[in-house]
Structures are given as C-alpha cells and as structure tokens.
Amino acid sequence: MEVSVLIPAAGNGERLGLGPKAFLRVGGKTLLEWAVGAFQEAAEVLVALPPGAPVPKGLRATFLEGGRTRQESVSRLLEAASLPLVLVHDVARPFVSQRLVARVLEATRATGAAVPVLPLPDTLIRPEGEGYGEVVPREALRLVQTPQGFFTALLREAHAYARKRGLSATDDAQLVRALGYPVALVEGERAAFKITYPEDLPLAEALARVWNA
Ligand code: CTP
Ligand code: MG
C-alpha cells in the first residue's frame, strides 16, 4: 500500500484514567502494537507519542512527539508524511479489519477524502434539565470512526486553513469539510469502536480473544 499511516497516539487517556492509551495492554499487546499491526501492508507508518514517552522497541514505525491536541499531533505527523495518500487512525481503536482499511482506501483514491461511519443503534434525545426531552431523529445521524483517508495535499491544506482560522476539530474530515471539500462515507464497523471509558476495557479484552482480522 503506497500510503502513509498516521497514528496520533499522544493523548493522555484522561477519561479512561490508566495513563496514555498507546501503552495500555489489551489481549497481551499494547494499543500501539494493535494499531501498527493493522497496517502491516502500509509503506510508511508514523506515530505521535506523548512528549517524553519512551520510544517503543521492535515496531515498524517512525516516532515523533505529539502536540497538545489531537489536531496538533496529526499536523506534525502530516508534515513528516512522504506519500500522496494518508490514513489517519486513532491508537484508541485496536480492532481494524483489512476489509475496513480496503473500503476506506478505495473511496479515498476515488474521491480524495473518505471516512467510515455507522448508524446509531439507540434512541437519541436532547435532555430537558434532568428529564427526558425532545427525540432527535437518529436516521439522519451517523457515528464517525477512523481510519480516515485523504489525499495528503488536501489534508495538509485543510490543517493549514484550520490553523489560520483558529478552527479546532476532533477529527480530520471536519477540517477538510471546513475547507469546502466533500468527504465520502463508507460503511464502518462496530468492532472498530474507540476505547474511551473504563467500561470499554472488558469489551476490548473479550474481543481480543476472538479477533482474527
Ligand atoms: N491524541 C493525540 N494527541 C493529543 C490528544 C489526543 O495524538 N494531544 C490522540 C489519542 O492518543 C487518541 C486520539 O487522538 O488516539 C483521540 O482519542 P481519545 O479517545 O480522545 O484519546 P485521549 O485524548 O488519549 O483520551 P482523553 O480524551 O480521554 O484524554
Ligand atoms: Mg482526547
């Protein structure tokens, strides 16, 4: 795969409360090992680590220091990317199938920007105070995952535009859209969920036992 994989892994995992997720072990491997392992076919893998973190040994990846926000970490990774396509993937999502990567890449090659999304399984509401409020039609909404794919030049332009305008975003597709370019949607996967809260850990441990992708 002639693609640069960018893994922002410089977060502190505050909601989980177990230190930086890059070094968190699930199924006997760190989340960083899971993430890098999912992209073995990639020509280049770049990882942003928390400042001062030890550089992991034995991983086929290039490491650099992350920034204060995810966006800053991705900006730094983008500067170092040397190939015309990038895949940006959160270290917090260990279960990435080859099929998911292939879908994102195919749509990225065709359109320049593509992200995996999922429909919402639950009823959605806007609470009124402490109580049940207005129902938000879930059919119109999607959950956005990673890996997200982009023409490298397009994502660089989007990050530069965001810096100039002072925009901040929780993912990269938002910045491409803010620049005025469309972002294609492909089907995501429930397994690619983000380990965010302590309750997510036993789910990840259970999935790690049967994961084979
Ligand atoms: N990230 C990063 N640099 C930062 C902040 C976040 O590279 N300064 C990365 C995280 O390592 C993670 C992704 O961006 O891969 C965002 O996922 P998230 O669940 O928010 O991870 P954390 O920021 O580590 O967790 P929290 O927000 O709970 O502190
Ligand atoms: Mg975060």
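An oxygen atom of ligand 1 is 3.0 Å from a polar backbone atom of Gly11, a polar contact being a pair of N or O atoms within 3.5 Å. Two further pairs involve backbone N or O atoms, from Glu14 and from Gly67, and the table sets them out.

| Backbone N or O atom of | Atom of ligand 1 | Distance |
|---|---|---|
| Glu14 | oxygen | 2.7 Å |
| Gly67 | nitrogen | 2.9 Å |

The protein covers 86% of the 570 Å² of accessible area that ligand 1 has on its own, where areas come from the Shrake-Rupley method with a 1.4 Å probe.

This is a predicted model, in which local features need pLDDT of at least 70 and side-chain atom pairs count only at pLDDT 80 or more, while totals for chains, interfaces and linings use all residues. Residues are numbered from 1 along each chain as its sequence is written, chains are lettered from A and ligands numbered from 1 in the order in which they are written, and side-chain values use heavy atoms, with hydrogens and water left out.

Around ligand 1 there are 18 residues, of which Pro8, Glu14, Lys21, Ser73 and Lys194 come nearest; a residue counts as near if one of its heavy atoms lies within 4 Å. By class, this shell has five nonpolar, six polar and seven charged residues, with Asp, Glu, Lys and Arg taken as charged and Gly among the polar ones.

The protein as a whole has six helices and 12 strands, which are DSSP runs of at least four residues (H or I) and at least two residues (E) respectively. Its C-alpha atoms fill a box of roughly 50 × 40 × 30 Å, taken along the principal axes.

Most peptide bonds are trans. The bond from Thr146 to Pro147, however, is cis, with omega near 10°, and Pro147 lies in the loop between β10 (143-144) and β11 (148-151).

Technical notes: A polar contact is a pair of N or O atoms within 3.5 Å; within protein, one must be able to donate a hydrogen and the other to accept it, and residues adjacent in sequence count only if both atoms are side-chain atoms.
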